[in-house]
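Okay, thanks everyone for coming. Let me put the structure up, and then I'll walk you through the contacts I've been looking at.

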Amino acid sequence: MSDFGGREARRERIVPDYGDVSFSEPVPEDLKCGICLSVARDAVVTEECGHLFCKVCITTALERKKECPVDRLGLSHDQVRKDVRTQRKIQALAVCCYNKKSGCAWKGCYSDLDKHCDKCDFATVKCPFTPHGCDAVVTRKTLADHVQNGVTHHLLLLCTSLSKLQEENTALQQELDIIQRGDERFIWVIPNFESKRGPVYSRKFSAKNLQWYLGVDFEGPDQHAGVYLFAESHSRRVDFKLILFNMDPHKDKIHTVNDWSTDFKGKGWGPLKFINRSNLEETGFLVSNCVRIGVEIESDPFE
């Protein structure tokens with residue numbers, strides 16, 4: 001069987017309405033809900049009058065009026081209980097597959113219906129490229145052929161999706177640049193932080209009419225990483241504040257740097273042990289496997 005009949009197809013199966021269940025024999029009246037008149041789903045029974053309902057049906061009815069929908073006697077949620085014995089009888093009823101009209105000849109107990117349909121070759125499923133714009137609805141049996149025969153179409157859809165993502169990324173970057181102009185703050189999000197090795201560097205940003213960038217050195221002592229501000233194509237210095245953003249804004253870590261060495265000669269400057277790599281997730285500094293660092297320029301450039 002094709003891989004398309006496995007977990008992915010199961011997740012994308014279009015689930016039929018409960019009323020589409022086809023029973024092999026007429027359903028006994030004592031197994032039907034007193035409201036929707038179909039076989040009771042999650043069967044419950046009233047303690048006083050003994051009427052059977054679907055759990056959802058009676059819950060909805062009691063929210064409107066505190067009485068039994070059949071005999072109009074007073075009724076509350078506390079007077080309704082799960083009917084395990086009746087539910088067992090319902091689960092044992094003989095049914096046909098939801099996809100009988102499409103050619104499936106399976107018959108079995110109602111309790112096995114969903115398990116069968118998760119693997120049924122005649123089940124209707126969505127194309128895995130649906131998020132990218134493919135509106136094809138096919139059976140699990142024909143899904144692999146659809147994917148193989150539509151390679152060109154699906155590649156075009158992926159290219160279109162990628163173009164949209166690039167446009168959105170550009171727009172977001174522009175918005176971020178504008179936000180950062182107001183308070184001379186630059187935000188750097190480092191994805192997959194725990195897997196990083198060696199130094200990593202941010203993109204360049206403007207502050208005080210000069211270009212700068214940040215760097216992280218993962219070789220700091222005691223499982224710490226240093227964070228440094230670098231001057232790009234100039235030798236000016238500034239006082240600045242580093243921020244390590246926490247999941248809880250009240251727990252952000254802040255470090256002010258105003259002690260640049262006079263002989264730094266264009267190299268980066270900053271705290272050697274700013275990020276404790278040993279417990280990032282536990283302390284709230286690792287969010288969705290990302291570390292978020294901010295820098296705010298606090299002084300005018302000086303030599």
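Before the contacts, one definition: I call it a salt bridge when a side-chain nitrogen of Lys or Arg lies within 4 Å of a carboxyl oxygen of Asp or Glu. And keep in mind that this is a predicted model.

With that rule, the count comes to nine salt bridges. Let's take Lys 241 and Glu 296, whose side chains meet in one of them, at 3.5 Å from N to O. Lys 241 is in strand β14, residues 240-244, and Glu 296 is in strand β17, so this pair ties together parts 55 residues apart in sequence. Is Glu 296 buried or exposed? It counts as buried, because its relative accessibility is 13% and the cut-off for buried is under 20%. These two residues also belong to a salt-bridge network, together with Arg 185 and Glu 298.

Okay, next stop: strand β12, residues 210-217. It's mostly covered, with six of its eight residues buried. What does β12 pair with? On one side of the story there's β10, joined to β12 antiparallel by two bridges, and there Val 200 stands opposite Val 216. Then there's β11, residues 205-207, also antiparallel to β12, with three bridges; Ala 207 has Leu 210 as its bridge partner. And β13 pairs with β12 over six bridges, again antiparallel, with Trp 212 partnered to Ala 231.

Now the turns. The β11–β12 hairpin has two residues between its strands, and Lys 208 in that turn has a positive phi of about 55 degrees. The β12–β13 hairpin has six residues between the strands, and there Asp 222 takes a positive phi near 55 degrees.

Lys 208 meets Asp 300 at 3.6 Å, N to O. Lys 208 sits in the loop between β11 and β12, and Asp 300 in the segment after β17, so that contact ties together parts 92 residues apart. Lys 208 is partly exposed at 27%, while Asp 300 is exposed at 56%. As for Asp 222, its partner is Lys 273, with the closest N and O atoms 3.3 Å apart. That pair links the loop between β15 and β16 to the loop between β12 and β13, 51 residues apart. Lys 273 is partly exposed at 38%, and Asp 222 is exposed at 56%.

In one, Tyr 201 and Tyr 213 have their centres 6.0 Å apart and their planes at 75 degrees, so it's edge-to-face. They're in β10 and β12, 12 residues apart. Tyr 201 also pairs with Phe 230, edge-to-face, 5.8 Å centre to centre with 75 degrees between the planes. Phe 230 is in β13, so here the parts tied together are 29 residues apart. Put together, Tyr 201, Tyr 213 and Phe 230 form one aromatic cluster. Tyr 213 is buried at 19%, and Phe 230 is buried at 15%. And what sits over the ring of Tyr 213? The charged end of Lys 204, 5.8 Å from the ring centre.

That's my tour, so over to you for questions.

How values were computed
Residues are numbered from 1 along each chain as its sequence is written. This is a predicted model: local features need pLDDT of at least 70, side-chain atom pairs count only at pLDDT 80 or more; totals for chains, interfaces and linings use all residues. Side-chain values use heavy atoms; hydrogens and water are left out. Rings of Phe, Tyr and Trp (its six-membered ring) pair if their centres lie within 6.5 Å; planes under 30 degrees apart count as stacked, over 60 as edge-to-face and the rest as tilted. Helices (H or I, at least four residues) and strands (E, at least two) are DSSP runs, numbered from the N terminus. Buried means under 20% relative accessible area, exposed over 50%, partly exposed in between (1.4 Å probe, protein chains only). A charge sits over a ring if NZ of Lys or CZ of Arg is within 6 Å of the ring centre and within 35 degrees of the ring normal. Two strands pair if DSSP finds at least two bridges between them.
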